[in-house]
Amino acid sequence: MKYAHIIGWGSFLPDRVLTNDDIAQIVDTSDEWIYARTGIRQRRIAGEAETTATLAFEASARALAVADVHPSQVDLIIVATSTPEYIFPSTASRVQDYLGAVRAGAFDLAAACSGFVYALNMAAQAIATGSVRTAIVVGAETMSRVLDWTDRSTCILFGDGAGAVVLKGSSVPGGILASTMRSDGSGGNLLRLPAVYHNPVPTLGPEYLGNGQDRNTIAMNGRQIFRFASHVVHASIQDVIKKADLDLQDVDLIIPHQANIRIIDHVAKKLKLPKEKFYVNVERTGNTSAASIPIALCDAVEAGRLRPDNNIVFVGFGGGLTWASAAVKWDVTPPEVSLLDREWKRTRYIMARGRSRLRRWGRRMGATLGGSPTPDARLRDADKKPEE
Ligand code: UT7
């Protein structure tokens, strides 16, 4: 039996800050209303050149630098996202390419705001079976691109960013101790984001249409989602703790999906735990969907909230409906790496992007010289577009 330990972590937030006051210039709202109802003061918004893949890459490079793992040692990359630029290539494949993780398999996972916990579980299971030794699990989103900026009930909530962890198999017990994953598709219409080629025929039922949603933007029934979260989150935490053979009192820190401070306070009350047991950074980031838990994890490490041998719980919930928890023993002390060394490693990973460009160029040259209608030649035009 192999245990999947977290040995590296990293996050990346775009530079641009959008405050509640800024949003009040766009829709009829106020800092007071947003802060009182959600606990959010500001969120980050991706710049023009930033995509879900570039944010995911930056977070992954940081996580690899902490873990002191070279990209070529990575076997699997999973990116949990609801805002991929493409259905394929997957965001994970792009991260694999940017990193130069030449031996890794890569795929995206869609479970909305629960996606990171689902992905962590999938990677941990792959490690437990021995099929994978080292994996990167990422949550990354550019929610700003799928918001209806005229809808004040949703556009105030979300932000952009990415967080990643490196998981490594070990025979030492610990790491990801247990996990639970649940879904209730009957509530799918309560929070939804149509796919690019959304069929206007209501194949899933008329409730999936309407609400003025004629573009691919998020629509949400906030009150119902609030109610759903209030019902399932505390139970999910209790389930996973039981599975891990722990008591609530053994848990040192709970890192919940950062959707709304009122949901987190409600869960704390239900579990009769002090609020301090929950890590909260929603004030600074807004709701970054699948990215929120790994970003909060990195902030918690930075804030000195985690010590070796701590028991922590991640809990996510959101569209699907989906919800999921993981109990984790925070037990692997990362290798001593100086700041300079870490920055140098990160730079080296970034340089791998240069190698990737060279490979694209080589593929194009080969196709041009060979002049044959090979798949490489067909890829030529697609290769030109995104980041060249
Ligand atoms: O990550 C996925 C999970 N998502 C969530 O967890 C979201 C869960 N839901 C929520 O966080 C809350 O439902 C919201 C923050 C979205 C909304 O808070 P609420 O307390 O449920 O407000 P509400 O929807 O019941 O609306 C109350 C009032 C309404 O006015 P009337 O009808 O009472 O006159 C809204 O029109 O607040 C109004 N309102 C706003 N006013 C100022 C709604 N949005 C805004 C706004 N600024 N941005």
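I'll start with strand β11, residues 253-256, in this predicted model. Leu253 and Ile255 point one way from the strand, while Ile254 and Pro256 point the other way. All four of these residues are buried. As background, side chains in a regular strand alternate between the two faces of the sheet.

What does β11 pair with? Its partner is strand β12, residues 310-318; the two run in the parallel sense and share 4 bridges. Within that pairing, Ile254 sits opposite Val313 of β12.

Next, the open sheet. Here 5 strands are arranged in the order β1-β7-β6-β4-β5, with mixed pairing. Which strands stand at the edges? They are β1, residues 3-12, and β5, residues 105-109. Each has a single partner strand, so one side of each is left without a neighbour in the sheet. On average, neighbouring strands of this sheet are turned by 20° against each other, ignoring direction.

Now to the β1 end. In general, strands of a sheet pair through backbone hydrogen bonds, in either the parallel or the antiparallel sense.

Helix α9, residues 292-302, packs on the sheet and touches β1, β6 and β7. The direction of α9 makes about 75° with that of β7.

That leaves helix α4, residues 91-99. It lies across β4 (76-80), β5 and β6 (134-142). Relative to β4, helix α4 runs at about 130°.

How values were computed: Residues are numbered from 1 along each chain as its sequence is written. This is a predicted model: local features need pLDDT of at least 70, side-chain atom pairs count only at pLDDT 80 or more; totals for chains, interfaces and linings use all residues. Side-chain values use heavy atoms; hydrogens and water are left out. Buried means under 20% relative accessible area, exposed over 50%, partly exposed in between (1.4 Å probe, protein chains only). Two strands pair if DSSP finds at least two bridges between them. Axes are lines fitted to C-alpha atoms, for helices over the stretch in contact, and angles run from 0 to 180 degrees between N-to-C directions. Contact means heavy atoms within 4.5 Å.
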